[in-house]
Amino acid sequence: AQRLLAVLLLLQPAAAVWPRPQVQRSPPGGGRCLLPPARFRFGHAAGSAVGPGCTVLEAAFQRYRALLFAAGRPTGEAGGGAAGGAGALFLWGTHVEKETVCGFPAGLETFSQLVGRDQNGTYYINKTEIVDFPRFPHRGLLLDTSRHYLPLRAILETLDVMAYNKFNVFHWHIVDDPSFPYESSTFPELSKQGAFNAMSHVYTAGDVRTVVEHARLCGIRVIVEFDTPGHTLSWGPGAPGLLTPCYSGKHPSGTYGPINPILNSTYQFVTSLFQEVSSVFPDFFLHLGGDEVDFTCWKSNPEIHAFMKQMGFGEDYRKLESFYIQRLLDIVSSLGKGSILWQEVFDNGVKLRPDSIIHVWKSSKPYMDEMADVTKAGYQALLSTPWYLNRISYGQDWMAAYQVEPLKFEGSAKQKDLVIGGEACMWGEYVDVTNLTPRLWPRAGAVAERLWSNASVRSLQDAYVRLAAFRCQLLGRGVQAQPLYVGYCENEFGGF
Amino acid sequence: MGRAVGLAGLLVGFFLVSAVLVSTSLRHGAPRAEPGPESAEWEDASGSGPEDSLWPLPQWVRTSRHQLQLAPDRFQLLHGAGSSAGPACGLLQDAFRRYYEYMFGQSRWRKRSRGPLGDRAAPELLQLQVVIESQHSGCHSYPHLGSSEAYHLTVTEPVAVLKADEVWGALRGLETFSQLVHEDDYGSFLVNETEIDDFPRFAHRGILLDSSRHYLPVKSILTNLDAMAFNKFNVLHWHIVDDQSFPYQSIYFPELSDKGAYSYNHIYTPSDVRLVIEYARLRGIRVIPEFDTPGHTQSWGKGQKDLLTPCYDEEQPTGSFGPVNPILNTTYDFMTKFFKEISSVFPDAYIHLGGDEVNFNCWKSNPDVKEFMKKQGFGTDYAKLESYYIQKILDIVSSYNKGYMVWQEVFDNKAQLKPDTVVQVWMENNYAHELSSVTGAGFTAILAAPWYLDYISYGQDWKKYHSVEPLNFPGSEKQKKLLIGGEACLWGEFVDATNLTPRLWPRASAVGERLWSSSNVTDLEDAYKRLTNHRCRMLRRGISAEPVFVGYCAHEARG
């Protein structure tokens with residue numbers, strides 16, 4: 001059910017839609033249809049597999065009705081236009097094909113982008129027929145809530161804008177070295193000791209439920225990342241004994257390294273934590289991290305030396321890392337979950353379950369070579385390397401992100417099929433709620449179109465025009481998306 | 001996926017300042033002196049003393065470990081005895097209220113269940129008395145290039161005294177005082193006994209905003225003026241019109257914005273302009289408008305027929321236009337009237353006349369211009385034609401008793417400049433050499449080249465801006481004195497109200513400190529600590545300044 005077919009049988013023009021639908025045409029003769037706000041409604045079409053009671057669609061109907069007729073659309077004379085309503089067609093029905101589960105309201109988004117408003121303030125839509133489905137099933141956006149805490153509102157708003165861009169995965173890099181804002185019910189000390197502020201800079205169980213449910217209503221999966229064994233400094237204070245004590249000569253230096261992989265207690269802890277995480281986050285997949293493990297601390301620790309010897313690892317600390325990851329993977333799969341891992345885990349030759357997904361992010365080796373290697377080994381791959389949107393530069397850098405072709409690597413058709421999509425990443429070193437939204441949008445829109453639209457949709461000129469218009473639409477919806485280049489929007493200042 | 005470095009340092013938040021005692025220390029525009037003999041009382045050299053959030057760092061600071069409490073219900077900012085300003089000085093009255101709000105405002109909703117002060121046996125600071133010493137306080141005037149911004153601040157029990165020649169210095173001192181007041185873990189407001197002697201290193205400390213590439217709503221401009229005051233900037237260089245749009249609504253030539261603005265919504269009415277100027281004045285900030293000619297004027301052409309040069313392809317006009325047409329009398333009639341208006345609308349003694357990036361292609365294509373060149377004996381040197389035009393504009397503007405600023409090309413092209421002309425150096429390439437030439441020729445200069453903040457890059461680029469030494473160019477003492485300051489420029493190609501504030505702040509703060517503080521304030525580690533605290537304070541005051549690096553503020557921006 002990855003392919004969604006939403007057929008909109010509507011009236012008129014090829015308004016600019018972002019991301020561009022797979023097929024969009026105007027019926028011969030064209031024509032325009034009015035949408036009187038007082039009477040327009042969404043409804044379930046005859047023959048639809050879902051009807052009233054599908055909460056996702058009901059919520060989406062309500063949301064899009066508000067978006068269509070409310071905030072900040074350019075206004076003409078108030079109340080004009082639709083007087084009498086003669087000739088106004090009553091639209092119902094986004095026809096949603098049967099294989100669509102009660103799920104993704106992407107078609108409603110497309111519909112909303114087609115609705116215009118004329119100078120008299122009348123809402124209209126031109127006759128249009130659209131057949132649409134995503135090119136890749138995994139279209140993700142990563143937010144990092146550890147380098148800086150992001151208030152719940154910022155996350156929820158981002159989910160809304162993701163839906164406008166037809167993203168469908170929120171990769172929540174929830175904890176890392178600097179802070180541990182996730183409030184664990186099993187190990188409450190983790191956030192008590194590890195959050196920037198244990199009261200204000202945390203995500204409570206209620207917050208997490210809110211995010212998961214809000215995402216669901218937007219047709220977005222939430223994949224949470226608890227990155228181990230590196231990137232875990234903030235875990236240490238709340239979980240004594242979890243991290244490896246580093247040594248300076250013969251004595252502990254008082255600093256800590258990655259998770260200590262040689263203790264049974266580590267695996268007991270990890271089992272309990274992931275047990276909780278598995279039930280709190282309903283998605284089948286967990287992101288287990290596994291990137292950038294620094295071996296210096298392990299190398300300094302005499303007990304680890306002894307363990308390495310005992311295990312016959314020699315001096316190869318990657319084997320120790322793999323030993324840890326291996327056990328972690330077993331724990332997670334015993335919990336009935338699938339795993340996503342950063343590419344190092346694959347590079348280090350860890351034995352993975354066949355349904356594991358490898359997340360390609362490094363640029364040290366050409367990422368297309370890595371994509372080829374990962375898929376050649378039979379694993380599914382996700383691409384992020386060219387889409388680190390936290391890395392800013394002067395000018396229209398959305399173009400570089402847009403021009404990426406994820407399948408442009410040496411490999412068989414079968415290998416290409418293993419590429420399930422990609423993710424735009426907004427790491428948090430320099431990002432918090434003050435600059436998140438303008439830094440993310442509309443730049444992430446470029447990634448969204450690359451992952452949704454047909455591979456042949458590559459014209460920068462065409463994309464510029466549509467993306468600039470889409471950005472204005474975002475402003476109208478109250479999203480502080482930054483400009484692509486010089487110019488203006490009619491409805492710039494309504495939303496914020 | 002970088003690693004968090006120096007986390008421990010980050011965790012020492014500005015608002016976590018508790019009873020950490022900071023021994024008497026002396027700063028003369030330099031990092032804290034070595035601890036004296038009583039160093040046993042030093043809790044932590046990197047601890048959170050009050051001066052750990054001062055930005056820009058004052059010229060001379062002496063802090064005592066002796067702390068005073070402030071009771072928001074009792075504490076007063078008021079005019080001291082002997083001040084030439086009194087309650088009729090609206091500028092200071094407004095400033096008193098504003099700074100009261102900055103210091104205590106966010107906490108007033110808290111129920112003060114604690115008993116009277118004295119719980120902690122700390123003595124109380126009751127007042128800040130502000131004394132304006134000059135006969136001419138400046139209350140009802142506009143700040144200008146020669147205004148005194150120096151102040152002297154003494155915080156001792158039971159009354160703090162802020163002395164300044166003019167109100168402009170008092171405004172700077174109020175900002176500094178407000179930066180000294182901090183809230184402890186129990187919600188008490190504390191200030192250490194302190195003495196500060198402060199004055200700016202450079203007289204012209206500007207921010208350039210570009211409201212042509214993108215329109216900036218008045219609200220954004222006002223917010224930015226607030227942030228400028230927090231950073232002791234004193235010039236808003238308003239690059240108000242350019243090729244892309246003409247949002248300035250002219251009284252004499254309303255067609256300019258009717259036709260040249262992005263839309264009827266994207267204009268600055270006369271009252272918008274007055275509002276910006278007054279809001280700036282109340283914060284000790286000059287507003288210098290820039291009407292850039294003869295290039296960068298595409299948007300002028302829409303509302304003013306025949307102002308721009310028609311470009312030709314062979315013998316035929318192409319329908320496109322180039323710079324202002326310098327060969328017509330009508331051009332100068334228009335400019336005379338236009339700048340008459342500008343001279344009266346904008347009270348500052350200076351107008352920025354632009355003069356940058358004039359493209360000669362269109363002039364070269366135009367047979368009438370060619371004819372004119374011949375007649376004037378300019379040969380094929382179009383820089384001479386440019387200078388001819390500029391010369392006439394300069395004369396027009398000086399006839400209104402205004403001084404002018406120009407971009408460096410005007411100097412490079414050897415236009416005759418009045419001696420009080422300010423030349424703005426903006427070309428990144430070898431700007432030290434340009435500073436040397438400009439000042440060598442006896443002209444006043446301001447530096448913008450290393451501070452184009454619209455050029456963004458990944459990471460902590462504030463360090464680069466902070467590390468610039470403006471006087472690091474070859475020249476005599478006299479030449480160095482001719483460099484009167486600098487500007488951080490935020491050109492608008494990629495900036496509008498959605499991203500203006502986080503893109504500008506706190507990056508511009510680095511420029512603010514370079515232009516205010518002593519030249520030996522160059523310790524980046526110390527600056528980092530103060531800047532992160534200063535940024536948190538800006539958040540608290542409603543400026544959504546972006547983070548310097550990993551970490552948090554006790555009072556985050558609201559999402």
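**Disulfides and the A–B interface**

Let's start with one bond. Cys246(A) and Cys297(A) are joined by a disulfide, with the sulfurs 2.1 Å apart. Keep in mind that this is a predicted model.

A quick reminder. A disulfide is a covalent bond between the sulfur atoms of two cysteines.

Back to our pair. Cys246(A) sits in strand β10, residues 243-248 of chain A. Cys297(A) sits in helix α7, residues 296-300 of chain A. Now the geometry. The torsion about the S-S bond is -105°, and the link of Cys246(A) and Cys297(A) is left-handed.

Cys297(A) has 7%. The cut-off for buried is under 20%.

How many disulfides does the structure hold? Five, over all chains. Let me take two others in turn.

Next, Cys472(A) and Cys489(A). A disulfide joins them, S to S 2.0 Å. The torsion about the S-S bond is about -75°, so this disulfide is left-handed. Where do the partners lie? Cys472(A) is in helix α16, residues 460-476 of chain A. Cys489(A) is in the segment after α16 of chain A. So the bond ties together parts that are 17 residues apart in sequence. Both Cys472(A) and Cys489(A) are buried.

While we are on chain A, two further cysteines. Cys218(A) is buried, with a relative accessible area of 2%. Cys425(A) is buried as well, at 0%.

Over to chain B. Cys89(B) is bonded to Cys139(B) by a disulfide, with S to S at 1.9 Å. The torsion about the S-S bond is -105°, and the link of Cys89(B) and Cys139(B) is left-handed. Both ends are in loops. Cys89(B) is in the loop between β3 (76-79) and α2 (90-104) of chain B. Cys139(B) is in the loop between β4 (127-132) and β5 (151-155) of chain B. The partners are 50 residues apart, and the pair links distant parts of the chain.

How accessible are they? Cys89(B) has a relative accessible area of 1%, and is therefore buried. Cys139(B) has 4%, and is therefore buried.

What is the pairing in chain B? Number its bonded cysteines in sequence order, and the pairing reads 1-2, 3-4, 5-6.

Now, the interface. Chain B puts 47 residues in contact with 50 residues of chain A. The size of an interface is often given as the accessible area lost when the parts come together. Here, the area buried between chain B and chain A is about 4,200 Å². Carbon and sulfur atoms give 60% of that area.

What about polar links? Between chain B and chain A, 22 residue pairs are in polar contact. Across the interface of chain B and chain A there are three salt bridges. One of them pairs Asp432(A) with Arg535(B). The closest N and O atoms of Asp432(A) and Arg535(B) are 2.5 Å apart.

Which elements of chain B touch chain A? Among them are α1 (7-11), α16 (500-504) and α18 (524-540) of chain B, and each supplies at least two residues. By class, that side of chain B has 23 nonpolar, 14 polar and 10 charged residues.

To wrap up: five disulfides over all chains, and about 4,200 Å² buried between chain B and chain A.

Technical notes: Residues numbered from 1 in each chain as written. Chains lettered and ligands numbered in written order. Predicted model: local features only at pLDDT ≥ 70, side-chain atom pairs only at ≥ 80, totals over all residues. Heavy atoms only, no water. Disulfide = S-S within 2.5 Å. Helix = DSSP H or I, 4+ residues; strand = E, 2+ residues; numbered from the N terminus. Buried < 20%, exposed > 50% of the residue type's maximum accessible area, 1.4 Å probe, protein only. Contact = heavy atoms within 4.5 Å. Buried area = accessible area lost by both parts, 1.4 Å probe. Salt bridge = Lys/Arg side-chain N within 4 Å of Asp/Glu carboxyl O. Polar contact = N/O pair within 3.5 Å; in protein donor to acceptor, adjacent residues only side chain to side chain. Nonpolar A, V, L, I, M, F, W, Y, C, P; charged D, E, K, R; others polar.
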